[in-house]
Amino acid sequence: MSTWKDRRVWLRALTWDISQEPDTPLETAEEELKRFMAVYQDGRPVVLETIEEMGESYRLSQEDKEYHITGGRTGILYGAYALIQALLLKKSLPEGVQAPCYPLRMLNSWDNMSGEIERGYAGRSLWFEGDAFSYDPARIRQLGRMLASVGVNVISLNNVNVHAPAQGLTDRLLPETAKLAALLRPFGIRIMLSVDFSLPLQRGLDTADPLDPRVEEWWKQLADGIWEKIPDLAGFLVKADSEHRPGPNAYGRTHAEGANMLARAVAPHGGVLVWRAFVYNCMQDWRDSSTDRPCAAYHIYHPLDGTFEENVILQVKYGPFDFQVREPLSPLFFGMPNTRLAMELQLAQEYTGQQIDIFAMPPMWRELFDDLGKERIRAVAAVSNLGRDDCWTGHPFAALNLYAFGRFGWDPDTEVDALIRDWIRLTYDFSQIEDEDALARVLQESRKTYEKYTAPLGLCWMVNPNNHYGPSPYGYEFQAWGTYNRADRNAVGIDRTGNGTGYTDQYPAPLAGKYADTDTCPEELLLYFHRLPYDYRMKDGRTLIQRIYDDHFEGCEEAERMQDILEKLPLGEDTTEVIERIHRQTDNAREWRDVINTFFHRLSGAEDEKNRKIYD
Ligand code: GCW
């Protein structure tokens with residue numbers, strides 16, 4: 001009999017090997033339940049009933065002598081995982097029909113065919129190596145289980161920056177792409193492919209102009225061929241006219257014209273066309289203070305609202321910059337009511353500690369969804385934090401973010417503390433509630449701590465250029481990326497109100513006013529929206545410069561306290577990884593504290609009121 005070592009269901013608890021090949025979600029559900037019940041042993045059989053029309057939804061019930069799962073084709077599998085998790089967590093079964101809030105819950109991999117992952121912090125690609133497919137099918141099934149158990153239903157395989165070798169996924173390597181899709185299908189997961197807008201040019205046409213009928217016909221044929229091999233392909237994902245990627249602008253066409261042409265090619269197959277809205281001028285002159293990067297996407301897309309085909313999804317990063325520690329929601333979420341939008345999150349901790357520093361995202365997403373209101377979007381997407389490392393996510397705690405992403409996609413009203421505790425209970429085998437409390441607190445507070453010792457108050461971008469880890473306050477200041485703090489001896493930040501770059505005017509009335517006024521602007525975002533002198537008084541009476549110093553000292557102390565806590569926790573086989581990483585985190589925190597405090601001390605000449613050590 002297979003072993004069920006401990007209560008870890010989610011990542012590792014279903015430790016039995018999925019070496020058989022289930023063919024359908026129903027078969028997967030049967031297999032998982034058979035094995036689980038054999039170890040769980042409460043004597044009750046599980047009766048499964050498929051009702052096709054239920055799609056992804058399911059209903060669970062418990063009779064005297066048996067459990068019942070009724071569900072649609074994939075709903076039945078979601079129901080099975082929900083039952084297993086409820087039993088493990090000793091929770092009562094959810095009542096009534098359970099259905100996901102968003103029909104598309106997508107994980108985006110930034111995997112290159114070389115095996116490297118752009119912004120990957122958990123090892124190499126799970127499916128590419130040496131410009132070819134290369135994987136262990138059992139591991140792919142584990143991945144399928146992991147994603148299905150939290151309701152993720154689409155995964156894009158290749159980097160949105162489509163490099164030459166990945167172009168083969170749609171022709172030369174298509175049979176192998178189809179094989180991987182087949183492995184994930186029984187988990188209710190469909191694959192998606194990132195495509196290069198200029199592909200027709202690489203394959204013999206002399207243009208990629210979206211309004212040229214030959215180009216449209218070319219894409220149609222390509223799509224027909226792909227869907228013939230992968231009939232349930234979810235669609236194409238496109239990064240165009242963004243950071244040097246080709247796009248419709250080269251032909252004087254709009255993003256709507258570009259996206260719609262591709263959308264028509266995939267529509268007959270039920271595919272979606274996901275078009276990323278991450279577009280700005282990455283060749284900006286730092287001397288030009290009239291151009292403001294956060295304004296860019298709204299300028300481009302707002303006028304196009306309502307002009308996209310039905311199967312286009314505009315995928316918008318949560319903030320207008322780029323996955324910073326704290327950003328306001330992108331104004332596009334409020335300014336595109338007639339366009340289907342996806343919110344893009346980043347599980348890969350590019351700017352948030354690179355899976356070395358702890359950064360639990362659910363508290364941040366709770367705030368984002370509360371500001372957003374769940375109806376404004378139709379889909380969620382997240383850049384994957386997975387890789388070939390044994391523990392999948394580099395830092396074992398980073399698995400929480402993937403788990404939470406699935407849960408938020410299913411139910412954006414998810415309550416954070418309960419979610420964190422579910423994850424802890426599914427992952428660790430603590431016998432003392434104090435241990436669970438301690439870890440829950442560390443995770444809850446981790447983002448605030450990270451924010452304090454890095455670039456607080458919405459400052460953003462004080463990271464080392466290129467690798468984006470560690471402090472470098474002038475790293476981006478004289479560069480072309482449009483990400484400046486403009487700190488001088490008197491003041492720091494950029495005025496983004498109507499008196500400045502006008503960015504706040506992109507928000508609808510109550511928000512625009514709230515952000516534009518320093519009295520009502522949330523303090524955590526003060527320097528995102530305003531340029532303020534160092535002696536500006538914060539609400540609690542401290543000066544701005546004192547608050548900056550205090551945050552850095554406190555953030556660093558908090559990280560050190562975290563280390564003490566973690567060193568005492570019984571984390572089982574994760575102990576070595578966690579301890580090694582928290583040491584790197586505290587080193588990082590000290591480096592940030594000293595570099596940023598010294599930077600502002602040198603500029604402002606202001607002394608720390610508490611006389612702590614700031615280097616000259
Ligand atoms: O955050 C930036 C990253 C790039 C990434 C880009 C994007 C895939 O630094 O590595 O490219 O965003 O989202 O397209």
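In this predicted model, helix α10 contributes P362, W365, R366 and F369 to a contact with L400, N401, A404, F405 and F408 of helix α11. By class, the contact of α10 with α11 has 7 nonpolar, 1 polar and 1 charged residues. Helix α10 covers residues 362-372 and α11 covers residues 399-410; the two pack at an angle of about 25 degrees. Angles under 35 degrees count as roughly parallel, so α10 is roughly parallel to α11. The crossing of α10 past α11 is right-handed.

The crossing of α6 and α7 is right-handed. On the α6 side the contact involves V215, E216, W219, K220, A223 and W227, and on the α7 side M261, L262, R264, A265 and V266. These residues divide into 8 nonpolar, no polar and 3 charged.

| Helix pair | Angle | Axis distance |
|---|---|---|
| α10 and α11 | about 25 degrees | 10 Å apart |

At the level of the whole protein chain, the division is into domain 1 (25-98), domain 2 (104-427) and domain 3 (453-494 + 531-604). Between the C-alpha centres of domain 1 and domain 3 the distance is 46 Å.

Confidence is reported as pLDDT, with a chain average of 95 and 97% of the residues scoring at least 70. Over residues 1-9 pLDDT stays under 50, and the model has 32 contacts beyond four places in sequence for this stretch.

Notes:
Residues are numbered from 1 along each chain as its sequence is written. This is a predicted model: local features need pLDDT of at least 70, side-chain atom pairs count only at pLDDT 80 or more; totals for chains, interfaces and linings use all residues. Side-chain values use heavy atoms; hydrogens and water are left out. Axes are lines fitted to C-alpha atoms, for helices over the stretch in contact, and angles run from 0 to 180 degrees between N-to-C directions. Helices (H or I, at least four residues) and strands (E, at least two) are DSSP runs, numbered from the N terminus. Angles under 35 degrees count as roughly parallel, over 145 as roughly antiparallel, 65 to 115 as roughly perpendicular and the rest as oblique. A crossing is left-handed if the near helix is turned anticlockwise from the far one by less than a right angle, and right-handed if clockwise. Contact means heavy atoms within 4.5 Å. Ala, Val, Leu, Ile, Met, Phe, Trp, Tyr, Cys and Pro count as nonpolar, Asp, Glu, Lys and Arg as charged, and the others, Gly among them, as polar. Domain bounds come from an automatic or database domain assignment. pLDDT is the predictor's confidence in each residue, from 0 to 100.
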